[in-house]
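Please examine the sequence and the structure shown below. The paragraphs that follow lead through the fold step by step.

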Amino acid sequence: MRNLFGTKVIIVAIELALIFLGVLASQNVSAKWDEERDMTTNGKEELIYYYKTNEQGQKLVLDKYVKRLIFIRPDKLYKRSIKQIKIDGMVVEVTSDPFSRYPEQTAIIFDNKDEVLKKLFLAKKIEFNVFYGREESVSTFLIK
């Protein structure tokens with residue numbers, strides 16, 4: 001009887017340790033992107049946006065509500081276009097649409113939104129070419 005109780009205690013301890021490790025692992029996945037909270041215009045709902053900033057001061061926002069990326073680059077050349085992004089080396093075709101009210105922001109929209117958002121959230125490196133007319137610039141975001 002005593003041996004059976006000891007075995008049960010060990011099994012419960014192992015299960016608790018696995019649950020604890022699972023919680024730690026899930027926190028590390030969500031901690032890869034920085035978090036920004038915003039209230040809706042009516043002030044009743046809090047929205048959470050995930051973002052990364054690179055060395056050039058550019059910001060990439062993962063908008064899970066509209067299922068898109070927002071590229072923010074404060075510069076003089078507002079007319080920019082993005083045709084593809086690389087997520088951990090895998091090429092994804094995209095379209096870009098500049099915001100009229102916020103010219104430093106460009107929305108990056110992709111087909112198969114749910115699949116691409118999942119890949120973006122788990123990505124370690126996101127890079128894309130930004131075209132300013134005929135001029136091209138490469139932006140890279142490392143997510144650690």
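The model contains an open sheet of nine strands, arranged in the order β1-β2-β3-β4-β7-β6-β5-β8-β9 with antiparallel pairing. Two strands count as paired if DSSP finds at least two bridges between them; helices (H or I, at least four residues) and strands (E, at least two) are DSSP runs, numbered from the N terminus. At the edges lie β1 (34-39) and β9 (135-142), each of which pairs on one side only. From one strand to the next, the twist averages 30°, where axes are lines fitted to C-alpha atoms, for helices over the stretch in contact, and angles run from 0 to 180 degrees between N-to-C directions.

This is a predicted model, in which local features need pLDDT of at least 70 and side-chain atom pairs count only at pLDDT 80 or more, while totals for chains, interfaces and linings use all residues. Residues are numbered from 1 along each chain as its sequence is written, and side-chain values use heavy atoms, with hydrogens and water left out. The predictor's confidence in each residue, pLDDT, runs from 0 to 100. The protein averages a pLDDT of 80, and 76% of the residues score at least 70. Over residues 23-30, however, pLDDT stays under 50, and the model has three contacts (heavy atoms within 4.5 Å) beyond four places in sequence for these residues.

Individual strand pairs may now be considered. Strands β1 and β2 run antiparallel and are joined by six bridges; D38 stands opposite L47 in β2. These two strands form a hairpin with six residues between them, and G43 in the turn has a positive phi of about 75°.

Strand β5 pairs with β6 in the antiparallel sense over four bridges, with I87 opposite M90 in β6. Two residues lie between β5 and β6 in their hairpin, where D88 in the turn has a positive phi of about 50°. Strand β5 also pairs with β8, in the antiparallel sense over five bridges, and the bridge partner of I82 in β8 is V130.

Strand β6 (residues 90-98) pairs with β7 (residues 105-110) over five bridges, again in the antiparallel sense; S96 has I108 in β7 as its bridge partner. Helix α2 (residues 113-122) packs on the sheet, touching strands that include β2 (46-53) and β8 (125-132), and its direction makes about 120° with that of β7.

The surface remains to be described. The largest pocket holds about 210 Å³ of space. Its lining consists of E36, D38, Y49, K59, V61, I70, I72 and Q105; β1, β3 and β4 each supply at least two of the lining residues.

Definitions and conventions:
1 Å grid on protein atoms, 1.4 Å probe; cavity = no way out; pocket = protein on both sides within 12 Å on 5 of 7 lines; lining within 4 Å. Points joined across faces, edges and corners; volume = space filled by probe spheres on them.
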